Amino acid sequence: MLCLILGGIILSLYSTNPDWYSQAAVLRDSVILTWMVSLLNLAVGNGLGRLLGIRPRQLIGLLGIVFSPLLHRSLGHLLANTIPFLVLGWLVLLQGRLQGQSDFYAVTVTILLIGGLGTWLFGRDAIHLGASGLIFGYIGFLLINGYAEATLLTIGFALVVFLMYGNQLWSMLPSSNETTISWEGHLFGFAGGIVAGVRPDWLETIGAALNNLIQQLSVL
C-alpha cells in the first residue's frame with residue numbers, strides 16, 4: 001500500500017512539475033551514463049577502472065572521487081547497484097520536493113566528496129569502484145533525516161529505508177583484504193549522507209556553488 005501511495009505521488013509530480021521532471025531526468029540519465037561507462041570498462045578489461053578508480057593516497061586516485069561511481073567491476077556488480085540507486089535516489093528527490101528542505105544535487109555532491117575523500121585517505125591499498133558509496137550515502141541521509149528533520153514523511157521514509165536496506169549496514173564493517181567489497185566506500189559514503197542530513201547550512205553552500213557553476217557554464 002505504501003509503495004502504491006508513493007508511486008502515485010511520484011507520477012503526479014513527475015507529470016505536472018517541470019522542476020521535478022528535470023531532476024528526475026538527471027537520475028535517469030545518471031543510470032544510462034553509468035551503464036554506458038561500465039560496459040565500456042568491461043569491454044576494455046577494466047582498463048578504465050584501473051585508471052579512474054579511487055586509489056588511496058595516490059594523487060591519480062583523486063580522479064576516482066568523480067569517476068569511480070560510474071565504473072563497476074562486473075555486470076553483476078552493476079546490476080546490484082542500479083536498483084538501489086534508483087529507489088533511494090527517487091526517495092531523496094521525493095523528500096526534497098515535498099519537504100522543500102534538501103537539494104538532491106547538493107546531497108549527492110556532499111556524499112561523493114566525503115565518501116570519496118574518506119576512502120582515498122583511509123582505504124586499503126586497492127582500486128575502489130562502484131556507486132555503492134553513493135547508495136549508502138542516500139541510506140544515511142534518509143535515515144538521519146527521520147531524526148534531524150523529524151516529520152511524518154521523513155520518519156516514514158526512514159522506516160521504509162531501514163526495512164529495505166537495514167541488513168546491508170553490516171557491509172560497512174571492516175572485512176578481509178581479499179574481499180572485493182569496499183567497506184570503506186560504504187562507511188564513508190554513509191558518513192557523507194549523515195553530514196548532509198545534519199548540516200543544512202552545508203547543503204545551502206554546496207547548492208549555491210553548484211548554481212553559480214551552472215550559470216557560469218551557461219554563459220560560455
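This is a predicted model: local features need pLDDT of at least 70, side-chain atom pairs count only at pLDDT 80 or more; totals for chains, interfaces and linings use all residues.
Residues are numbered from 1 along each chain as its sequence is written, and side-chain values use heavy atoms, without hydrogens or water. Local features need pLDDT of at least 70 and side-chain atom pairs count only at pLDDT 80 or more, whereas totals for chains, interfaces and linings use all residues.

Two packed helices are described by the angle between their axes and the distance between the axes. Helix α7 (residues 132–148) and helix α9 (residues 183–198) pack at about 35°, with axes 6 Å apart; the axes are lines fitted to C-alpha atoms over the stretch in contact, and angles run from 0 to 180 degrees between N-to-C directions. Helices are DSSP runs (H or I, at least four residues) numbered from the N terminus. The contact (heavy atoms within 4.5 Å) includes Phe-136 and Ile-144 of α7 and Phe-190 and Ile-194 of α9.

Rings of Phe, Tyr and Trp (its six-membered ring) pair if their centres lie within 6.5 Å, and planes under 30 degrees apart count as stacked, over 60 as edge-to-face and the rest as tilted. By this rule there are four aromatic pairs. Phe-85 and Tyr-138 form a tilted one, 6.1 Å centre to centre with 35° between the planes, and it links helix α5 (residues 75–99) with helix α7 across 53 residues. Both Phe-85 and Tyr-138 are buried (under 20% relative accessible area, with exposed over 50% and partly exposed in between, for a 1.4 Å probe and protein chains only).

The rings of Phe-122 and Phe-188 are stacked, because their centres are 5.8 Å apart and their planes at 20°. Phe-122 counts as exposed, at 59% relative accessibility.

Definitions and conventions:
Helices (H or I, at least four residues) and strands (E, at least two) are DSSP runs, numbered from the N terminus.
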